[in-house]
Amino acid sequence: MSTAEAIATESAAAGASRRYILEAEGLVKEFRGFRAVDGVSLAVRRGSIHALIGPNGAGKTTLFHLLTRFLDPTTGTIRFDGHDITRTAAAEVARQGMVRSFQISSVFPDLPVLDNVRVALQRKRFGDSLGFWQPAKRLDELHARAEELLRAVGLAQFAALRAGELSYGRKRALELATTLALEPKLLLLDEPMAGMGVGDIESTTEMLRSILGDRTILMVEHNLSVVASLSDRISVLARGQVLAEGDYDTISGHEGVIQAYIGSGKARTIVPGLAASACPPAADLPATPRLKLAGVNGWYGEGHVLHGIALDVREGELVTLLGRNGAGKTTTLRAIMGLLARRSGSIVLDGREIAGLRSREIARLGVGYVPEERGIFASLSVAENLTLPPVVQGNGMSVEAIHGLFPALKLRAASQGTKLSGGEQQMLSIARVLRAGARLLLLDEPTEGLAPIIVEQIGKIIAYLKSQGYTIVLVEQNLGFVEALADRHFILEQGRVVDQIAGEDFAADGAQVRRYLGV
Amino acid sequence: MSAFGIPLEAFLGQLLLGVMNGAFYAVLSLGLAVIFGLLNIVNFAQGAMYMMGAFVAWMLLHYAGAGYWWSLLLAPLIVGAFGVLMERFVIARLHGQDHVYGLLLTYGIALALQGIFRQAYGVSGLPYSVPPELAGGQNLPFMFLPNYRAWVILVSLVACLATWAVVEKTKVGAYLRASTENATLVEAFGVNVPLIVTVTYGFGVALAGFAGVLGAPLYSVHPGMGDDVIIVIFAVVVIGGMGSILGAVFTGFALGLAEGAAKVFYPEGAGMAVFVIMVLVLLVRPTGIFSMAK
């Protein structure tokens, strides 16, 4: 390269770095011969919101780790704010203003909410080690700033609460506040909406927009409506490569993207392949309930969470529990399963009172629990995970039938359980209670954090189970997903059932439902 | 012949002694690791269970005329049964409490047991002879190898491998591993987790009782024999990584060897060798060498 060319390239690069805060060139990350990230180039414009989407296992998280320097790229370069950071330490990159949040919530549970933010501020303002040697009144400044940040994320009234007591959505908001305390130029958010209720998603979207200012955001997110409403530019990753890039309209019309990620595009409205005939109309169902809850109260420690829940599920019926985060949906499932230390009220299964039984006795009556966090055991192989639950009823599904329904579990039978992708773990979590022969399934948010195309598969499986006469209680945030599946919906608010909507009225009552859920 | 200016025979003799001590460390800390993994209880009574194993062997011989081989079978069962009762009626009450409570409780139990045996049998130690089948030794070209020591090393290795195989390769082991990760969920699948916990505790202390029988002919049977090893086996578990089975086994043998080597090169420091290694490991890898934790 001649000197003139070098200077030209240099100044071009300088121009580019004024426009783009983050530029990655030809990034490759190899793990023992497997290319998780395979030649990705990415440019994030200053002051924009850039979204990274793609199916599970596309390499989004690995790319995130590379950009934030948690992992070293095999080849390729990364420039941040005009500096080459390809070999810079992660902590140094963070000091330069690139701050990330994690997929898994990470607050200090025993510190008050305000102190969680203050610790981050302290780190930013005082530096480390001996930086604490300061006049006490400087703490007041920090307090003021911390309160300001809490207001920005809508947590002002929780400042004195222990962070561990916040609901999931609010923990995420707190994380955002601590991230902002570090005064980042570029925020990297890994699934900021994961596990949030519809109402929380709405307010968090608003909040992200309002805090943007002159900052730049790069986020991984599965919720396409969030991506559509927030982002200026979207990169779609598939098999470690950038499949497409552009604004939402370009992406959503892109043939390759539809195939690899969005699926038929109907996952949000209707589950394809699920004809109305697959779901017997509610009138054909027996009148006596299989499961009946009356006046169920539940507590977590001192917190009174359930206030007299009453609901009933008939044999072969699929009912959903809908409601905002913290409404008591998961707690209701846990109460049925006998997992609450303190509860009262009556839970009748097949005419038998089960409220006083231990969880293992309830499981033996044919109740299969699929928890929100999926509960796949890391120290067990996929095959061991599958056969772990003892057969509770004689008609358990055979391993062959399971493999027919979930082929991925056969292919990966020998791998460690938690090495499966999120979607495969969800399938394993459902499969193991089927193998145990449970006929009443309690499914807690089976589509959380999964790519639309996987959501579609899970939907098909649930529809199939329903057609086989399984009785299902489903907790779900994805309204489009439940609309096509459920016979009845119970709406929960603050630990009470406030409404019941028949499946066929769901669309008509849409406005009412959305009001309940705060959409 | 000599190595590093030390007669080869003395050197190898110390190493052999080291491996044998290592075998005890391995079996004892293995039980400790299994118990900690599942119950989250730091079982300070492990040393006392080891001492009890030796005393039970002695009592079986003196009161029932049952010899070494019967003891090898019965003493672990008796100590294990004692452990089961202890878990059911005492330790289970601490379920879900902080580590400190379990540690204090089991330490208290250890002190009480030691006191009882001291009151009954004194502190001077009771003799227990090597079984006739294992008396004598082999004259190897470079050293004399007592048969009983070779037996201890061999049978300890078998016990460790068998435990590992049960935990890693069987259905019961799968319940145990899963319960270690998330006991509530395993129970919600219909598994009787409290039973698994009790059996595991019983098995863990039975291992200690087994080691006690092995140790009876080597070290005199006395109430303080648990004290002699408990601190070292805690160091083994800490170095290996809390709750790691293979870690406990490898580290047990390795520390025994290190101690043996230290006795040759710097006898005054031999007692410290284990703890120097522990400090170094904790500095570099605070969760232990074989730990899966991040």
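Predicted model: local features only at pLDDT ≥ 70, side-chain atom pairs only at ≥ 80, totals over all residues.

Started with burial in chain A: 48% of its 519 residues come out as buried.

Of the contacts with a separation of 6 or more, 71% are between residues 24 or more positions apart.

Secondary structure count for chain A: I get 19 helices and 20 strands.

Domains next. Chain A splits into domain 1, made of 48-58 + 89-262, and domain 2, covering 289-517. I checked the spacing too, and the C-alpha centres of these two domains of chain A are 30 Å apart.

Then I picked out a sheet in chain A. In what order do its 6 strands run? I read E16-E17-E18-E13-E19-E20, an open sheet with mixed pairing. At the edges sit strand E16 (367-370) and strand E20 (496-502) of chain A, each pairing on one side only. On average, neighbouring strands of this sheet are turned by 15° against each other, ignoring direction.

Zoomed in on one pair from that sheet. Strand E13 (residues 318-322) and strand E19 (residues 488-493) of chain A run parallel and are joined by 4 bridges.

Helix H16 (residues 422-435) of chain A lies across E16 and strand E17 (440-444) of chain A, and it runs at about 170° to E16(A).

Moved over to chain B and its helices. How are helix H1 (residues 8-39) and helix H7 (residues 193-215) of chain B packed? Their axes are 9 Å apart, at an angle of about 170°. Anything over 145 degrees counts as roughly antiparallel, so H1(B) and H7(B) get that label.

I listed who makes the contact. From H1(B) the residues include Phe24(B), Val27(B), Leu28(B), Gly31(B) and Ile35(B). From H7(B) they include Val197(B), Thr200(B), Tyr201(B), Phe203(B) and Gly204(B). Sorted by class, this contact of H1(B) with H7(B) has 17 nonpolar and 4 polar residues, with no charged ones.

Last entry: where the chains meet. I find 13 residues of chain B in contact with 19 residues of chain A. On the chain B side that touches chain A, the classes are 6 nonpolar, 4 polar and 3 charged residues.

Technical notes
Residues numbered from 1 in each chain as written. Chains lettered and ligands numbered in written order. Contact = placed C-beta atoms within 7 Å. Nonpolar A, V, L, I, M, F, W, Y, C, P; charged D, E, K, R; others polar. Axes fitted to C-alpha atoms, helices over the stretch in contact; angles between N-to-C directions. Helix = DSSP H or I, 4+ residues; strand = E, 2+ residues; numbered from the N terminus. Parallel < 35°, antiparallel > 145°, perpendicular 65-115°, else oblique. Domains from an automatic or database assignment. Buried ≥ 20, exposed ≤ 12 C-beta atoms within 10 Å, placed from the backbone. Pairing = 2+ DSSP bridges.
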